[in-house]
Structure formats: C-alpha cells, structure tokens
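Open the model in your viewer and keep the selection tool at hand. We will go from stop to stop, and at each one you will hear what to select and what is there.

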Amino acid sequence: MSRKSWIEENFFKRECIKFIPSSRDLHRCIPVCQVCQNLIRCCCGRLIGEHSWQESPPPISLCPGPGQDIEDNWSTELHTKASPTNAYGIVDFEDTATRVCRGKYIRVAVDSKAEALLQLMLREWQMERPKLLLTVQGGSENFSLPPKVKQAFSKGLMTAALSTGAWILTDGINSGVSKHVGEAVKTFGGHDLRKRNTVGITPWGVIDNNMDLIGRDVFRPYQPLGNPLSKRACLNGFHSHFLLVDDGTLGKHGCQQGLRRKLEKQIQLQKIHPRLKQGVPVVCVVVEGGPAIVSTVLDYVSSVPPVPVFVFEGSGRAADLLAFLYKQTAADRRLDADIKEDFLVRIGDVLRVDSAEAFHLYNLFLQCMDNRQSITIFDSESDDQVPPDAAILTATLKGTKASPAEQLSMALAWDRADIAQKDILVYGQHWQVGSLEQAMLDALVMDRVSFVKLLIDNGMTMSRFLTVDRLEELYNMRPQGPTDRFLQLLVEDAKQSSLPIGYRLSVIDMGLVIEYLIGGAYRSTYTRKHFRAAYGRLQAKEGRRSSSSSLSKQRLGLTPNSSRGRSLEDLHFFRTAQPYKCKDPEVSSGSSREITLTPGLEDAPLLVPFNFNDLFVWAVLQQRQQMALFLWQHGEEALARATVACKLYRSMAFEARQSSLDDNITERLRAYSIEFGQLAEDVLDCAFRQNEQMAMKLLTSEMEAWSHFTCLQMAVSSCHRSFVSHSCTQTLLTDLWTGPLKMRKNSFLKILLSLLLPPAVILLEFKSKAAMCHVPQSHEAMLFGFDSVKSVPAHEGTDHMGSRDAERGLSFHDKCLSPVSETVSSVTMHCLSWITRLYEFYTAPVVKFWFHTVFYLAFLMLFSFVVLVKMEDKPSVQEWFVIAYILSTAVEKIREVLMSEPRKLSHKLKIWFSEYWNKSDFIAILLFLAGLTLRWHAGSYLTAGRIAYCLDIIFWFIRVTDLLAVNQHAGPYLTMITKMTSNMFFIVVMMAIVLLSFGVSRKAILSPDEEPSWNLARDIVFQPYWMIYGELVTMVNHVLLLLLLRHSSKLSICSSSISSWSTF
C-alpha cells in the first residue's frame, strides 16, 4: 500500500451535514432569504452557504415542519460525515527569513485512533522515538512573561527536550503558551530540523486561512501573520509537525484536548528504548492558564499512573494560584479560614469568574493538592534553585513513582548522568539483585559513556560484571548504519568461510578476528588451548544461552594474578626489563593454583582474565571511539592499549577499503587510529620526560595480556612512524643497535679494526651497567653469568672483603693466605673482564651486522669468481666455500621458521613468507640447490647447472640492498625507489597496452601470410619495444652482421659486407 493511500484510508475529515441554527430567533421566511443565509449560523459555526450539500439538499426553511421538534443539541457523531482527509503535506512558513521553517501537517478527525496517529508520526514522518513527552499546557490568549521566568522556561524546556530526545506537545497556534514555546525553539532549538520534535495539536476550525492547506501530499506556503480583527489563530512557524483536529466545527476551541490526551496515553505505552522495559514518561508543564487548566492538572495527577505536573511560578493566573496553594498546604493540608476567603477572592479576580465558579475551582485546587507528590513548583526567582531542565527531569522521575531501577533506566535512556548521580544513585537507595549489572550492560550497549563512568565510580567492578554471556551479548549487538555487518565480514575473513543467517558470534570468533587484524605471531587469549577447553566444558554443561544466576557466577572473569604476585612483578619491573620469575617454589605453585582455580566458584576456570582490556577491544571493534577512549583511561598498560587500538583501527581501515565499503568508514577508522596513535605518543613523551630509562623499559617489556608483544613491536607493525621516530624510541634503538659498546665517532672504522685485530677490542670503551639497565639482556648473558661477573668489579670485591675483615676478623689461615688469594682473585677477575669484553663485543648487534656484511661480501666475491671462470667437473675450493655458505644459510632459515612464535607449522611458514627478503632467499637457495644437483652431471646438465648458478647470483647481489638499507644515507633512497617501483606498475601496464595495440597492427600489415607459431608473440612485442627507444636500425645491423659472418667464406666478402652495412 502506498503512503498516500494509507493516509487517506486511516485518516478522515469531518463535515457538517445538518444545519441547526445556533440562534433561537427563527426566521419564518420560505424559502430561506439572503439575510438568513448571511447572518444565521449553524451550531457548527458555519453559514448555510459554507455547508456541503452533496448528499442532501439545503433546507428550504429554518422553521421546523408540522410534527417536528426543534433540535437544540448539535453533535459531531450525529450531524457530521467522515470522508478521507484532503489536507496533508508540508507547510512552509514564509515570514521566517532567518531560517528554513517547514512543518508536516495532516487534517484528522476528532475520533481518530491514537495508534494510527503514532504510526504516522514514527513511520511516515520519520520522527525519532520519544524518550520523554513534554506536554505544555497554558493560556491560549497572548500574555507576557517576566524576563527571568521566560528565560527559565525557554532554556529549561529546550535543554530538557534536546538532551533527552523528547517530544513537545502544544496547541500549535501563534498565541498564548504555544507562541512562547515557538520562541523557545527559535532561541534555543538549534538549526537541525530533525531534532525539532515540536508537535502542535490544533483545531482545524480555528486556523486562519485553513483553506490554503487543502491538498493531498502537497507543499503549501503559509503566512502565519493573520488578520488582527479575525477571531481565528495562525499556526506557529517554529513547530515541526501539526495534527489538525477536525470535529466539523468552525472557530471553536477545545476539541483537540480529547485526542491529545489519547495520544499521550498511547505514547506512554511505548518503550523508552528497545532494550529497556520502561515506558515513555510524560510530564505536564504548566505556564499561566485559565480555569480549564485546573481541570487538566487534576486529570493528570489523578490518572493511573499519575502524570507529573511541573508548574512555573510567576507565569500568571492558574499557575500562580497552584503555586500559592501548594506552598500554603505544605505543612497542613487545610487552609485557615481567612486564607481560604482570600484565596477564593483571588480566584475570582485572577480567573475572572463568579463566586460559584470560584468555589468550584477551589475544590478542584484542593483535589489537586491531594496528589501533591506529583506536582513540582519551580520558582525562577529563587537563588538556590537548580537548573530548570534538571528540575523538569527530576520532577518526572519522582512524579512517576517508579522504582530506582526504572528511574535509572529513564535517566539512562535520556543520557543524563547528572540526574542519576544526584537523585538516583544516592546513599540508602534499595536496589534489586542484578539491577546495577543490567544497567551497566545497557549503558555499554547504548554507548552511554557517562553512565559507565558513573557506575564504575559508584563501585561497579568489572571482575563481577563481565561474564562470557555478557561479552558475547555485547559482540552480537547489531549496530545501525552501514557498519552493521562489518564485524561479521571480519569474522568471515578470519575464519575464511561464510556465516549462516542468524549466526551468533562467540568470543573465540572474536579471538580469531583480533589475531587476523593484528597479524604476525599474535595469539589471542580466546583462541588458546586452555580457554577453548574451559569454554567447551562450560557450554556443554550449562548451555550457551543460559541466563541463570549460577551460570553467571561460574562465568565470572577474574584477574589471573594474585595481589601478592602482582606487587612483586611491579617491583621487579622497576629493577629490570626482564619478566618477573618467582624464585620460591611455594609461591610459584600457589600462584599457579590461583591462576587456574578460584575457591568458592566450584573451581571454575578463568575465561576473561583482563576485563578492562576485553571491554576496550570490544569498543574498538564496534567502532565506539568515545567508549574506547574512556575505557583506555581505566586499567593498566595505557601505552600498550593505545598501540593495540592504533593497530586494530589501521587494520580495520584497510579491510574496509578492501571490502569496498563507504569511503567515510575508511576515513573514520583512519582518524580513530591516528587519535590513538597520538595518545600513545603523548604517553611515551610524558614518561620519557619523567624517567628516560623507565620509558625505554615500557617499550621493550613484554605484555602478558597482549600475547607477550612489546609496545615497540606493536607500533612498528601498525606503521606508527611518529611513535618510532620519537626521541625515546630512537635512543632505545640506538642502544639496542650498539649494545654495550660506547661509540660516538668513527664507529665503522673502530669495529672493522677490531674485527681484523681482535686484541684492539680491549681498547674500546664499554657502557656501565647503569647505562644498560633499560636494555633487555640476552638469555646467553644470563645463562653464562657474565652479568654477575661484570657487576662485581675487582676493587668492589676487595673493599667488601676488607670491610668484612674489619668487622669479623680473619683466622690465622686466612691471614696467611690472604695475599696469595688476593693476587689470584685479581688475576682471575682481569681474565674474566677480558673475556666479558670479548663476549660483549662479538654479541653486539652492530658488530654482528658488520661481521655478517664482511663475510657476505667475501661470499659474493667467491661466488662471482665461480660463475666467471670455467666450471670443472668437480667443485673447486672456492665453490666449496660457496656451497658451505649457502647451505649454512639454508639451515639458519629453517631454524628461524622452527623457532618462530606460532605453534602451527603452517602459521610459522605464513609469517615467514610474509617478508619479501625471506621469499627472495627461499628462491635463491632452491635455485642454487637445483644448480648444484645439475652440475654433478656431465655434458648439458653441467651447462644447465652453471646457468642456474649465473641466475642465482642475481638474487644474492640484490640482497646487498637490504644491507644498504641500514645506512642513514642510502636507506631513504632505497625506500623511495621501492615505492616508486610499486607505483610505476600501472604506468607499465598502460605502456604495454599501447605497445601491444601497435605491435599487433604492425605485424598484421607487414606479414599477412604468417603461419601459426609462437614466434608471432615474440615479433609482436620485440621490435615495437625497441622502436620506443629508437634502437631498431642498430638492432637490424647487428643481426645482419652476425648472419653474414656465419655464412660467408671469404674475408673480402665479409669486409665488403661490413663496410656496406656500416654505411647503411
């Protein structure tokens, strides 16, 4: 069904079909004279000529016939006819030149269904679902407000509406309280038309120039400035939507109140949020008002459930009377006699009614005070008054008589953490079991960062909250927009299979996604063997979707280390960059038991070891940047998590681009990656300024929660250039590169001299232990104990022995042997010191590099000699050296693969082959082994083996560029050449297209009688390629010269041919 037909089928207009004179002075003229037609009106407010007489003829006489009674009561049900509405579309208000003010409108019957109206507003008009309904009641005539009251009303109303996503209901006319609401929208409403959910429910018969709005699905201009002498009202131009209620009357107010109340009750039945069970709260805001407002307030506060009423004191008339009586009856519900009499007089004077009506209104006022807990008086003149928007929302919470959990749900839907902190999360509040955990889950799903912070500040612990069920529920939450399937696409890429419809993601799937995005040898906690086993046992025992409390207890995520082990680890971190290892077997065994078992939980296995890290990764994968930034501030390892987020976002941006998603998604992910990268750089800079050595330890310390990766390793994998170029990183890399050597100038010459003359190592300078404390020690140094030898110099040992002799004294045997022992110990220490220096020199990375470079150049010289000279049947000595070098290189490459971090061989090979130089070395080694196998055979096989050698040496020469990349001058040039070569690919493709198009046409024209052969492909490309460089003539000369030298038998012919061709 189309939109137009659906509207006309569900919404109608009302037209009067029975003329009942409103005046009792009946004219007896037959037929009805012109005077009667222009003066006497029907009870609906129209003249005879303004009625529609399509189904029945107009009356001949206004006087009833014989036997007919005079009809005194006119009713909508009996005397009007319903027909499909003929007025709906968009109205454009012409006098609002400062901004575009347009509103959607529709003419509906007074008995329209509230369900259909709400469906129209949500589906057809695309209004956002309301989280709060502010129904504004007050006077319909123009009135002025004091400046403070007007400021408080305008700002408070709009702030409450915009901050909570509320709808505002008014009469929609350009007078009275509706006009003040329009001015509030104009001043504080902003320019976003989609957030202007201000609905005017207006009687169709009181609208000036309402005939201009007739039309089906039309765009109508409307002039809101009507005739000052007219009794009708104009629509207010700052309302966004209009429901024009038609009861068949003209110029009569009040018919919209019944439909408005039905619509309010229907909105109350809607959920405030799809995740929450709480309905949409309604609050009535009263400003000024006449006698009818008293009955309206009573209807609101006495309904079930009651509707809170918020009264602006000082706005005038009924609002001030309500505020006065509210304050007077605060201590005692009864009024004194004199105050009562004065109040009755004030009612008559303010509302302009007689004494009987004043007494009736007084009783209504008292009935309102019986439900005073639903009424809130706001005094804008008070100095200690809270902001009006907060007062409105607080009155809404208290007036609904909702439980604390329901109030928290409403504040959560509004995203007003200030209201929750002030009025809900207070001392002495009674909470049901699990209500705060559910609120935390709702806050995470709804992306309410302020509420997550508020709940954590009020004692919510992640170890108690986060369970596997909740974590999986967070991952299976489907975000709205173009990124709703992006996470599923990542799972499909990680698992390399398509997911069925309705597939529920598991934490193991998320572990695969994390490994896929980070890459390398990274292993997520969710994919490890012990986690998979525990997860499988848990699923088989309790069922995946069980929500019982016992299952929640068994799925608690606890920290993997005890407090004692954690403190010892932190203490050790400040001393060395090595991971902490417990020396006491009892402590280590106890800690291991604490890691695997948790007393009191039936020895449940640990499933979520680091809760904040898990939530942080969830926020990153769900692209919730603000939530990720907040979670990044909590927990430990801020630098590590910043680099991890930078890597994840960068990989996600790459995957989004590869999946041909919207460019805005890719750019947004890149911006998120840059933001976290900047945070990592700021943290590193701050740490480096405070303590340089500790900052460098942060870069090299292994992160247990992140697969034992280091921050430096993660930053390099994410190509975070500014992080790597930081002074701290460069200083650390320099220290790692030079090792214990202390060199500033001519390091190249000193190292080469020491390599050629090993005794010169003693003359080199070495760094102290304090200068090397931030550099991770190798396992060999710890194994052989060189660190302990170096840490106890000879003079320190002598001083220590002397001090011990002074305190305890020496025995006679010790005194006699002390000179000899001192001499022996000093010699031993000197020898060990020399050995330590030699070991430190040859294990320094820069020395290893130059050692490798020298031998590699020697290898290339020998290999070049082998391929340049004649190859004998048996390998020469030089060739044996080449064979030994390449075979040892092959063994080293095999060791690299086997010793890499991944456990599976396929994963090891995948990571190893991901580097370009490993692929080049693999091809070079295989080609050399093929040539070595062929060269052992004589004849043509030997020639083939030699050719394989000649081709293989190309790869080994190209390998020299990898050595040059270390140089600070040659490295940038190599990087630029590499990028230029990759960027030239498409240019080469375009040149090949031009070359092939010309070559095919040229060959077809010059050789029309060619037979099918593979030489055609050569001729298409060969000669046209040389023609690009202008080398065709020279090429032909060389070819003809070779043919002539081969087939001529006389030297004279040869020389004459050469001369003739050279002249050619």
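A charge sits over a ring if NZ of Lys or CZ of Arg is within 6 Å of the ring centre and within 35 degrees of the ring normal. With that in mind, select Arg372 and Tyr326: Arg372 lies over the face of Tyr326, at 4.1 Å from the ring centre. Next, pick Arg346 and Phe324, where the charged end of Arg346 sits over the ring, 4.4 Å from its centre.

Some housekeeping before we move on. This is a predicted model, in which local features need pLDDT of at least 70 and side-chain atom pairs count only at pLDDT 80 or more, while totals for chains, interfaces and linings use all residues. Residues are numbered from 1 along each chain as its sequence is written, and side-chain values use heavy atoms, leaving out hydrogens and water.

**The sheet**

Switch to cartoon view. Helices (H or I, at least four residues) and strands (E, at least two) are DSSP runs, numbered from the N terminus, and two strands pair if DSSP finds at least two bridges between them. Here 10 strands form an open sheet with mixed pairing, in the order 8-3-4-9-7-6-5-10-11-12. Its edges are strand 8 (215-222) and strand 12 (375-379), each pairing on one side only. From one strand to the next, the twist averages 25°; axes are lines fitted to C-alpha atoms, for helices over the stretch in contact, and angles run from 0 to 180 degrees between N-to-C directions.

Now select strand 3 (residues 87-93). It runs parallel to strand 8, joined by 7 bridges, and Ile90 has Phe219 of strand 8 as its bridge partner. Strand 3 also pairs with strand 4, in the antiparallel sense over 5 bridges; there Val91 is partnered by Gly103. Strand 4 in turn runs parallel to strand 9, with 6 bridges between them, and Lys104 stands opposite His241 in strand 9.

Is strand 4 mostly covered or mostly open? Mostly covered: 6 of its 8 residues are buried, where buried means under 20% relative accessible area, exposed over 50% and partly exposed in between (1.4 Å probe, protein chains only).

**The cores**

A nonpolar core is a set of buried Ala, Val, Leu, Ile, Met, Phe, Trp, Tyr and Cys residues joined through side-chain atoms within 4.5 Å. The largest one has 130 residues, and among those touching the most other members are Leu134, Met440 and Leu699. Helix 27 (residues 638-658) gives this core its largest share, 11 residues. Apart from it lies another core, of 59 residues, including Leu169 and Cys368.

**A buried valine**

Go to Val491 in helix 19 (residues 486-495). Its relative accessible area is 0%, so Val491 is buried. Leaving aside neighbours within four places in sequence, its contacts (heavy atoms within 4.5 Å) are Leu499, Leu505, Asp509, Met510 and Val513. Val491 and Met510 are 19 residues apart in sequence and 7.3 Å apart in space, C-alpha to C-alpha.

**Aromatic rings**

Rings of Phe, Tyr and Trp (its six-membered ring) pair if their centres lie within 6.5 Å; planes under 30 degrees apart count as stacked, over 60 as edge-to-face and the rest as tilted. The whole structure has 34 aromatic pairs. Select Tyr1025 and Trp1026: with ring centres 5.8 Å apart and planes at 75°, the pair is edge-to-face. Finish at the aromatic cluster formed by Tyr856, Phe859, Phe863, Tyr885, Phe928, Tyr949 and Trp956.
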